[in-house]
2 protein chains.
Amino acid sequence: MPIRVESEQRIIRLQQELRTKEIDGALFIYPIDIYYFTGTRQNAVLWVPAEGNPLLLVRKSLARAQEESLVADTRPFPSSKEFPALFKPTIRRVGFTFDVAPVQQCNFYAKLLEGKEFVDVSAINRELRSVKSAWELERMHESGVRLCEVFSQVPQFLRAGMREIDLAAEFECRLRKAGSEGYVRMRAFNQELFQGLAVSAATSGQPGFFDGAVTGRGLSAASPHGPSTATVAANTPILIDYTGVFNGYIVDMTRIFVIGNLEPTLRRAFDAAIAIQQYLSANLKPGAICEELFLAAADMAEQAGLSRNFMGAPGENARFVGHGVGLELDEFPVIAHGFKVPLKAGQTVAIEPKFVFPDLGVVGIENTFAVSTGGGVKITDLPDDIVFL
Amino acid sequence: MPIRVESEQRIIRLQQELRTKEIDGALFIYPIDIYYFTGTRQNAVLWVPAEGNPLLLVRKSLARAQEESLVADTRPFPSSKEFPALFKPTIRRVGFTFDVAPVQQCNFYAKLLEGKEFVDVSAINRELRSVKSAWELERMHESGVRLCEVFSQVPQFLRAGMREIDLAAEFECRLRKAGSEGYVRMRAFNQELFQGLAVSAATSGQPGFFDGAVTGRGLSAASPHGPSTATVAANTPILIDYTGVFNGYIVDMTRIFVIGNLEPTLRRAFDAAIAIQQYLSANLKPGAICEELFLAAADMAEQAGLSRNFMGAPGENARFVGHGVGLELDEFPVIAHGFKVPLKAGQTVAIEPKFVFPDLGVVGIENTFAVSTGGGVKITDLPDDIVFL
């Protein structure tokens, strides 16, 4: 649980942003946003006025929220009659997270606070959270150590002929025993992820709905993502891409495993991925422009003659090479086409150059890094090499 | 994947509802809604006019959506310029799922379709889906068989002194190997579930955010739900409450395990839960009013002197005793206070009378049933008895 000073500093930074944007306060209803500012993820609503003290209104469980909350004024959710009186008449513009709040929820609160203007604070919220404090970076490093420990166990259970789903089950079992919290939060509408992927060459090149380079076949059209019942073959790349979630903080990494030998085309593509990661890692410095990093990575892929395979099956290539991680898997910043903003120190980013060959499988690498003046600090500190068994 | 006639019938039923409500069509953007009507869960948008043929507009992956979709007109998502031309000028009222669609998404489509009125079709959508076809009931029964098979393995790995998280990891490993798809869809805003719960008396009585009788402590304040690092003790109830997801269809069940003996208070409460389940099961018939079933169950709890412990820790009692299941864990109907609607044949409901004793743990039962003229048909067909080890 975050310490009190964390919560206070986060709220102060938010209040500064609100005042700059002439917004009179922000009303948060989304669980992980509330956790970020208060230290509790009970069912509650958080009001942060641009000036003054925050107020946490709890639906369930009040007892548990009062135990966990770092916000002094934590009380039961009021009746609809009492609710409006909590907002001073001078409050006119109310910030709301339009990116995740359903229309029904927005209408409910807009009706309670009739006459006030609701404005979107999604970007403010995401930008604030993208920069991690020293305390948060410690949590991210802890998560990294624990996820790496699970990855290092893979040679104990990976066997040729096993099904992808069995490989995934063995990995996930160890991940849970290591304390991973399982539920992986994603902010993007219509994305779903179950912890990660263990996919073999038979399925890893298949395109899909997922906003990433690799989707997998999954177990049915209802869940078309992740491992399938296909079996893992020798002499082909087996891609293990998993998240670990500890104290809410997500890290994300990928390693390639091969039982036997890897064919030269894939070996060369893997080396290109490592070179791209090395370039990006060296440049994960405050001020570097996200889009420029992506374009440089795409250029390196082109120089290697691998444009068509970069970050997706040919024709379905994703236009990014890295994404922020933290309390959500898809935080800011995105190392992507169109993301013309500078990196900031303390942001944490999963860098994942991958090459997709529909017939041969996928190779690549992924590590979570912290942005610093000396370049990326590796949070998932395990060797990058292909593991040959 | 559903057969074509399923998709056609679902769309015909929807169109009838739309015409009855004088809505000119429904625009679906939520993945599982789109899957229900089309058979594909790629990243897409579905337009169902009140009269005429549906249209599936795919963002990613088009190739995969075209393979899976049961809707004849499946094509790429158009440009913002082309989008409005897909809607006839006579279309005025457009149905939209306000329960799950974020404000940003709604604003995006409302702008594309300027001048049209967006109306909420959340209830229509949920009511339609609550009644399962014969084909869907077969899928639910298959899911039930597979989940029961995993529950029957528990005595092989449950041991006194193991941590809740290790018990959960062993269960989840077998669940995944049985083919469960892992990601459990919930519709309610701000609910999160990671497959289920394996919780011991040390934590099962703890209140929480989850809209159910049992939340568990979880692994941190960021993920305050499910198993913790507490250890499983002899002579206390161990509650295993898990979902299984196969071909998208979710079943939900709970069994109690005891290493050694159970104290008489808990034994009597368990017997009361079984009696309530028996009563409800016998009355899961078309026409029975959901609220009346709940009130009868609550009355039986009171007769047994267990009102305070029914469906939650004293003071945090939930006011329901069952919930619809299917493609989502929280479908209609809800056997709950305030839900004054009749059951319909073919609805599938998880019935879960539970008694929570903060100091002693939780006992109870949960099974998934189909509503039929002969009463509830048990889908999770495993003995209800406490398993003594």
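Domain bounds here come from an automatic or database domain assignment. In this predicted model, that assignment divides chain A into domain 1 (4–129) and domain 2 (131–388). The centres of the two domains, taken over C-alpha atoms, are separated by 34 Å. Residues are numbered from 1 along each chain as its sequence is written, and chains are lettered from A in the order in which they are written. Local features need pLDDT of at least 70, side-chain atom pairs count only at pLDDT 80 or more, totals for chains, interfaces and linings use all residues, and side-chain values use heavy atoms, with hydrogens and water left out.

The domains of chain A meet through 18 residues of domain 1 and 15 residues of domain 2 (contact: heavy atoms within 4.5 Å). About 1,400 Å² is buried between them, 46% of it on carbon and sulfur atoms. Buried area is the accessible area (1.4 Å probe) that two parts lose on being put together, summed over both. On the domain 1 side, I32(A), R126(A) and R129(A) lose the most area to domain 2, together 44% of what that side buries.

Between the two domains of chain A, 4 salt bridges are counted (a side-chain nitrogen of Lys or Arg within 4 Å of a carboxyl oxygen of Asp or Glu). E136(A) forms a salt bridge with R10(A), and their closest N and O atoms are 3.6 Å apart. Helix 1 (4–20), helix 2 (31–38) and helix 5 (122–130) of chain A each supply at least two residues of the domain 1 side that touches domain 2. Helices are DSSP runs (H or I, at least four residues), numbered from the N terminus. Helix 5 gives the largest share of that side, 6 residues.

Chain A can be laid on chain B by a turn of 180 degrees and a shift of 0.0 Å along the axis, with an RMSD of 0.0 Å. That is the relation of a two-fold axis. Copies are superposed by least squares on the C-alpha atoms of residues with pLDDT of at least 70 in both. In chain A, the C-alpha of P102(A) is nearest the axis, 2.0 Å from it.

The contact between the chains takes 71 residues from chain A and 70 residues from chain B. Together they bury about 6,000 Å², 54% of it on carbon and sulfur atoms. R64(A), R176(A) and F189(A) lose the most area on the chain A side, together 13% of what that side buries. Across this interface, 8 salt bridges are found. K177(B) forms a salt bridge with E170(A), with the closest N and O atoms 2.4 Å apart.
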